[in-house]
Amino acid sequence: MGEARLKSVQCSSLAGLHRMAYKEWGDPANPKVLVCVHGVTRVADDFDALARALCDEYRVVCPDVVGRGRSGRLRDPAYYTVPQYVADMVTLIARVTQDDSLGVHWFGTSMGGLIGMMLASLDDSPVRKLVLNDIGPVLDQGALARIGEYIGQDIRFPDFETGAAYVKAVSMSFGPHSEEEWRKLASDVLRQEPGGQWVRHYDLGLAQPFQAITPERAAGDEAQLWSAWDAIRCPALLVRGEQSDLLSRETALEMCTRGPKPRLVEIPGVGHAPTFLRQDQIAIAREFLVGGA
């Protein structure tokens, strides 16, 4: 039970069927399930350290959201959106839970937090506890434009070391890490092609929905997210990188007065987003999820 089991589940979109891969840690018979979902350009492997630390209490399930990592790609990139991801997670939760009444606990980083927020807001939601890692209902438009531009670039590297240096350079907002940790963060998201070049692990079509965002649509999305936040009733923890450019402190403080009124923890020296590789960060999640909140 100390290592992950690689599994997958079949999901559907209006464009057809696709498979979503996931890693499962801990006792496969444990009815307590923690679902951990990564950010827009990351993968399930981001949660290896957190999963190892919590698999004594939970069966920890970490999916590669469709279009990333080991998961399939959508035939129509227009469906790389939060509603599609929520539908996929409902399918995943049905696969991994043994008793609907127990529900799941949720840890979501960035995009994974948006998915969790929307899922937790629904009537009869399976989410019983919610951790949002550096995300909220207000998304800075400058940061979104930066993410969209970054996602769509077809960048190739002649060797792993060059790719790893690039990943480190664009991920400095994650905060201080050891060279071993940076290498892990890079190896999780780089893949070698048959010709020998190294590329990032995801479908470049992920950029399409970002490119379609207009100011009017962004305003509508923000209103919908605040409405979802106000509908959440489960206990929640909000984690913010002190230097985050995606979740402002003003937004975080407003979130604490609305909806589930979460506890707010800010992590100094970190931007978007805390990686939860370090024991001090893992302890924050464990206290909330296991210690009672």
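Q: Let's start with a pair. Are Lys23 and Asp45 buried or exposed?
A: Both Lys23 and Asp45 are buried. Keep in mind that this is a predicted model.

Q: What do the side chains of Lys23 and Asp45 do?
A: They meet in a salt bridge, at 3.2 Å from N to O. Lys23 belongs to strand S2 and Asp45 to the loop between S3 and H1, so the bridge ties together parts that are 22 residues apart in sequence.

Q: And which residue forms a salt bridge with Lys184?
A: Asp48, with the closest N and O atoms 3.1 Å apart. Lys184 is in helix H6 and Asp48 in helix H1, so this pair ties together parts 136 residues apart in sequence.

Q: Buried or exposed, those two?
A: Asp48 is buried, at a relative accessible area of 7%. Lys184 is partly exposed, at 27%.

Q: Which residues are linked in a network of salt bridges?
A: Lys23, Asp45, Asp48, Asp64, Arg70, Lys184 and Asp188.

Q: How many salt bridges does the count come to?
A: The count is 25. Another one of them joins the side chains of Asp154 and Arg156, at 3.4 Å from N to O. Asp154 is partly exposed, with 47% relative accessibility, and Arg156 is partly exposed too, with 38%.

Q: New topic. How many residues are in the largest nonpolar core?
A: It has 51 residues, and Trp106, Ile115 and Leu130 have the most contacts inside it. Helix H3, residues 111-120, supplies the largest share of this core, 7 residues.

Q: What does the second core include?
A: That one is separate and has 25 residues, among them Trp25, Ala44, Cys55 and Phe276.

Q: On to H10. Which of its residues are buried?
A: Gln281, Ile282, Ile284, Ala285, Phe288 and Leu289. They cover an arc of only 150° around the axis, so they are on the same side of H10.

Q: What do they pack against?
A: The buried residues of H10 pack against helix H1 and several strands, including S3, S5 and S6.

Q: And what does the face turned away from the buried side carry?
A: The exposed residues Gln279 and Asp280.

Q: Where is Glu287 found?
A: In helix H10 as well, which spans residues 279-289. Glu287 is partly exposed, with a relative accessible area of 45%.

Technical notes: Residues numbered from 1 in each chain as written. Predicted model: local features only at pLDDT ≥ 70, side-chain atom pairs only at ≥ 80, totals over all residues. Heavy atoms only, no water. Core = buried A, V, L, I, M, F, W, Y, C linked by side-chain atoms within 4.5 Å. Buried < 20%, exposed > 50% of the residue type's maximum accessible area, 1.4 Å probe, protein only. Helix = DSSP H or I, 4+ residues; strand = E, 2+ residues; numbered from the N terminus. Arc of directions from axis to C-beta. Contact = heavy atoms within 4.5 Å. Salt bridge = Lys/Arg side-chain N within 4 Å of Asp/Glu carboxyl O.
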